[in-house]
Amino acid sequence: MKKFFLLLAVALPMLFTMTACGDDDDTDILGGDIEFKMPVLTKNASGVLQISNNSIDLDWGDTIGEVKSEMSPFSYVLQSETSTNLGYTYDADYGYPFYTYAFAANRLASSAITITETQDDEINVIKYLEDNGYKDVSKDDEEDVFVYRSKDKLTVVYYGFDGDITIMWTPNDGTRADNWRAELNKHLELVNSVRK
């Protein structure tokens, strides 16, 4: 009987260690294991913005090449590419909306769409998020920002002083980290560099 308990005492810790190691890949957000979707925004014949039935399917941790591949079926024009970001405009005339992507060590860290106030009236971003299961976790003292959480991402809707509205997706790490502002600033700087 003593041998049985001794064997059990040795085997159980090994079992727990092996089980814990198996879950590591699922929690490595920038390792590319968590998928998310961004809406594809298009314009109708009258130039009114609408949310299409298509989506841009991404993984946190996608490479720059993988994001470019996901964008290739759509008519958006690549206007900026560096080792840390990609910037797309709706057309060659630098029209809105803009799609921007930020990378850390060549892995997708955040993505964003920037639209105008008029375009927001046309598609109603807040309603879209609420209708698609995002939960409002905004703080009352942030008048220009709404923060939404879903299972796999934190989504920030920023109402800029210039009339632009930027919707940014970044991984949801289980807490409402305040470092999303630094990530948002990357997208705002990129939009300023491609805006004509």
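The protein chain holds an open sheet of eight strands in the order E3-E4-E5-E6-E10-E9-E8-E7, with antiparallel pairing. Strand E3 (77-81) and strand E7 (135-136) are its edge strands, each pairing on one side only. Two strands are said to pair if DSSP finds at least two bridges between them. Strands of a sheet pair through backbone hydrogen bonds, either parallel or antiparallel.

The model is a predicted one, in which local features need pLDDT of at least 70, side-chain atom pairs count only at pLDDT 80 or more, and totals for chains, interfaces and linings use all residues. Residues are numbered from 1 along each chain as its sequence is written, and side-chain values use heavy atoms, with hydrogens and water left out.

In total, the protein chain has six helices and ten strands. Helices (H or I, at least four residues) and strands (E, at least two) are DSSP runs, numbered from the N terminus. The chain has 196 residues, and 43% of them count as buried. Buried means under 20% relative accessible area, exposed over 50%, and partly exposed in between (1.4 Å probe, protein chains only). The accessible surface of the protein chain is about 10900 Å², and carbon and sulfur atoms make up 53% of that. These areas come from the Shrake-Rupley method with a 1.4 Å probe; for residues, only the protein chains shown count as cover. Among contacts with a separation of 6 or more, 48% are between residues 24 or more positions apart. A contact here means heavy atoms within 4.5 Å.

At one end of the strand order, E3 and E4 form a hairpin with three residues between them. Their antiparallel pairing runs over four bridges, and Val77 stands opposite Thr89 in E4. Is strand E4 enclosed or open? Five of its five residues are buried, so E4 is largely enclosed by the rest of the structure. In a regular strand the side chains alternate between the two faces of the sheet. In E4, Asn85, Gly87 and Thr89 lie on one side and Leu86 and Tyr88 on the other, and all are buried, leaving both faces covered.

Helix H3 (residues 64-71) has Ile64, Val67 and Met71 buried. These residues are on the same side of H3 because they cover an arc of only 65° around the axis, the arc being that of the directions from the helix axis to the C-beta atoms. The buried residues of H3 pack against strand E2 (49-59), E3, E4, E5 and E6. Helix H6 (residues 180-194) lies across E3, strand E4 (85-89), strand E5 (98-104), strand E6 (107-116), strand E8 (145-149), E9 and E10, and runs at about 130° to E5. For such angles, axes are lines fitted to C-alpha atoms, for helices over the stretch in contact, and the angles run from 0 to 180 degrees between N-to-C directions.

Val191 is one of the residues of H6. With a relative accessible area of 2%, Val191 is buried. Not counting residues up to four places away in sequence, Val191 touches Phe98, Thr100, Thr114 and Asp164.

A polar contact of 2.7 Å joins its side chain to that of Glu183. A polar contact is a pair of N or O atoms within 3.5 Å; within protein, one must be able to donate a hydrogen and the other to accept it, and residues adjacent in sequence count only if both atoms are side-chain atoms. Among the other contacts of Ser110 are Trp60, His187 and Thr170.

Thr170 is in strand E10 and counts as buried at 11% relative accessibility. A polar atom of its side chain lies 3.2 Å from the backbone oxygen of Ala109. E10 (residues 164-171) pairs with strand E9 (residues 153-159) over seven bridges, and Val156 stands opposite Met168 in E10.

A further pair is formed by strand E1 (residues 35-43) and E2, which run antiparallel and are joined by eight bridges. Pro39 stands opposite Ser55 in E2. Five residues lie between the strands of this hairpin, in which Gly47 takes a positive phi near 85°.
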